[in-house]
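Please keep the sequence and the model in view while reading.

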Amino acid sequence: MANNSTNRKAILVTPEVCIGCRACQVACKSWNELPGIKTKNNGTYQNPPDLATAAYNIIKYSEVPSQDNPVRWLFVSRRCMHCEDAGCMKICPAPGALYRTKEGAVAFDRDKCVACKLCVNACPFDVPRYDAEGKVTKCHLCFDRIGEGMLPACVKTCPTGALRYGDRDELISTARAEGFGTIYGEKDLGGLGSIYAFKEEPNLYGMKENPTIPSSVIFWHTYLKPLSLIGLGGVVAAAAIHYMAVGPHKDEEV
Amino acid sequence: MGEMVRKESGGAILNHWVLAISCILLMITGFAFLFHLESVGAVFGGFETMKTVHNWTGVVFTVALVLTMVNYLGDSLRYDADDVQWFKVAGGYLSHKVKVPPMGKHNPGQKLYYLGIVIFGIAIALSGFGIWLMKDNPTIMLLSHLVHNVAFIFFCIMVPVHIYLSTLANPGTFQIMVSGMVPLELAKKRYPKWMKAAGKM
């Protein structure tokens, strides 16, 4: 990967200071000109219920009562994790459809997407969504803003500092200095571009433990891909050697 | 020119070339997807069009593959003692000095190659349809992706072997897949058991 960790950017999510206002969702829609989604009330403030083609980020609301807080309500902002080792980019057959920005974000170019949906199945976090025209959509870390030195829309609008954007290493050391014991995504999948500062267990917030790219995709990428070329080249070479060393069949000798 | 015997019917020849050309087109576009070969994509005006070409060529390949079974499947399932001996001398391909047992219409290498094409061809076709048409089932999608790529390796290895053996390695063989005809004298040497069964020797 061209990115080294010194200039890699990230979003730091600190669920502890999130007030669940969903301004991040609105700002994202506003910047990316995404339409509203008609949803139903399912007894939760979480809305829309999940990431969608018109919802690149959402706040997940979960009620997780604890001993000393029977009405504990947890908010966690969810979007593309911008993995360093990105399953979607690995499996994508269309060059440039999913690409890495110089800040380390995984962005997409819907004109280059071939609508195969392989990325959906290779993503460890169930992030990519396909729009009505069968093209990939997801959070792109506002590549068009950060490339111009601006903050991602969601971060810009966050009133509490639950979303912060900046140099990934600096964000991690800041979070540590603030007393957050667990930085989710610090090491997972080569290090995520969306990192989370927790004082409690990440799975309390519904964070996936040990996220991994599907093993079949890793096996394919590591072994099958090179083997197809090695196999083809090896057989062509073997045929050439056979032709020179043994030579063609001669009917006279039968 | 002496007497000729027909080894392949016109239909079988057409079937072979539809299968062969679709197979090679699928392999080239497959490599382009696998290794992001933008120059190949450009030939098709972009990867999305190339995907459409790849998918529909896959349909042609599948139909052609099924049709070949009419001609070759029966023979490819029958093996005798001479076939076993053929393997022991590696078909005479490693040395011209060994004695190769008399063969029928197809040698066991060809028969096994054909069975491989059928098995891996069905696997690559079914998994291709899985990737194409069952996008919303993660299990089928990932399994299909794996099977498609495993079967692809078989084709990467065996198709060049087939091309080599049927052209440079065995002069005169390629002509059979063009005209369908083989000189009687050559047929007697190469396929004595078939010629005996046909009452020609």
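## Chain B in outline

Read from the N terminus, the elements of chain B follow the order β-α-α-α-α-α-α-α-β-α-α. Chain B therefore comprises nine helices and two strands. The model is a predicted one.

The C-alpha trace of chain B extends over about 60 × 35 × 30 Å along its principal axes. Of the 201 residues in chain B, 26% are buried. When contacts in chain B between residues at least 6 apart in sequence are considered, 64% of them link residues at least 24 apart.

## The contact between the chains

Chain B contributes 35 residues to the contact, and chain A contributes 29 residues. On the side of chain B that touches chain A, at least two residues come from each of helix 1 (10–35), helix 3 (47–76), helix 6 (138–166) and helix 8 (184–190) of chain B. Helix 6 of chain B gives the most, with 14 residues.

## Helix 6 of chain B

Does the length of this helix agree or disagree with its number of residues? Helix 6 of chain B has 29 residues, which at 1.5 Å a residue should span 42 Å; the C-alpha atoms at its ends are 41 Å apart, so the two values agree.

Several residues of helix 6 of chain B are buried, among them Met141(B), Leu142(B), His145(B), His148(B), Phe152(B), Phe155(B) and Leu165(B). The cover over the buried residues of this helix comes from both chains: it includes helix 3 (118–122) and helix 7 (215–245) of chain A, as well as helix 1 and helix 5 (108–133) of chain B.

## A sheet in chain A

Chain A contains an open sheet of four strands in the order 8-1-10-9, with mixed pairing. Strand 8 (163–167) and strand 9 (182–184) of chain A are the edge strands, each pairing on one side only. On average, neighbouring strands of this sheet are turned by 30° against each other, direction ignored.

Helix 6 (residues 168–177) of chain A packs on the sheet and touches strand 1, strand 8, strand 9 and strand 10 (194–198) of chain A. The direction of this helix makes about 130° with that of strand 8 of chain A.

## Strand 1 of chain A and its partners

Strand 1 (residues 9–13) of chain A pairs with strand 8 of chain A in the antiparallel sense over five bridges. Within this pairing, Lys9(A) stands opposite Asp167(A) of strand 8. With strand 10 of chain A, strand 1 of chain A pairs in the parallel sense over three bridges. There, Tyr196(A) in strand 10 is the bridge partner of Val13(A).

Why is strand 1 of chain A described as largely enclosed by the rest of the structure? Five of its five residues are buried, so the strand is largely enclosed. In a regular strand the side chains alternate between the two faces of the sheet. Both faces of strand 1 of chain A are covered: Lys9(A), Ile11(A) and Val13(A) are buried on one side, and Ala10(A) and Leu12(A) are buried on the other.

Definitions and conventions: Residues are numbered from 1 along each chain as its sequence is written. Chains are lettered from A and ligands numbered from 1 in the order in which they are written. This is a predicted model: local features need pLDDT of at least 70, side-chain atom pairs count only at pLDDT 80 or more; totals for chains, interfaces and linings use all residues. Two strands pair if DSSP finds at least two bridges between them. Axes are lines fitted to C-alpha atoms, for helices over the stretch in contact, and angles run from 0 to 180 degrees between N-to-C directions. Two residues are in contact if their C-beta atoms, placed from the backbone, lie within 7 Å. A residue is buried if 20 or more other C-beta atoms lie within 10 Å of its own, exposed if 12 or fewer, and partly exposed in between; C-beta atoms are placed from the backbone. The expected span of a helix is 1.5 Å times one less than its number of residues.
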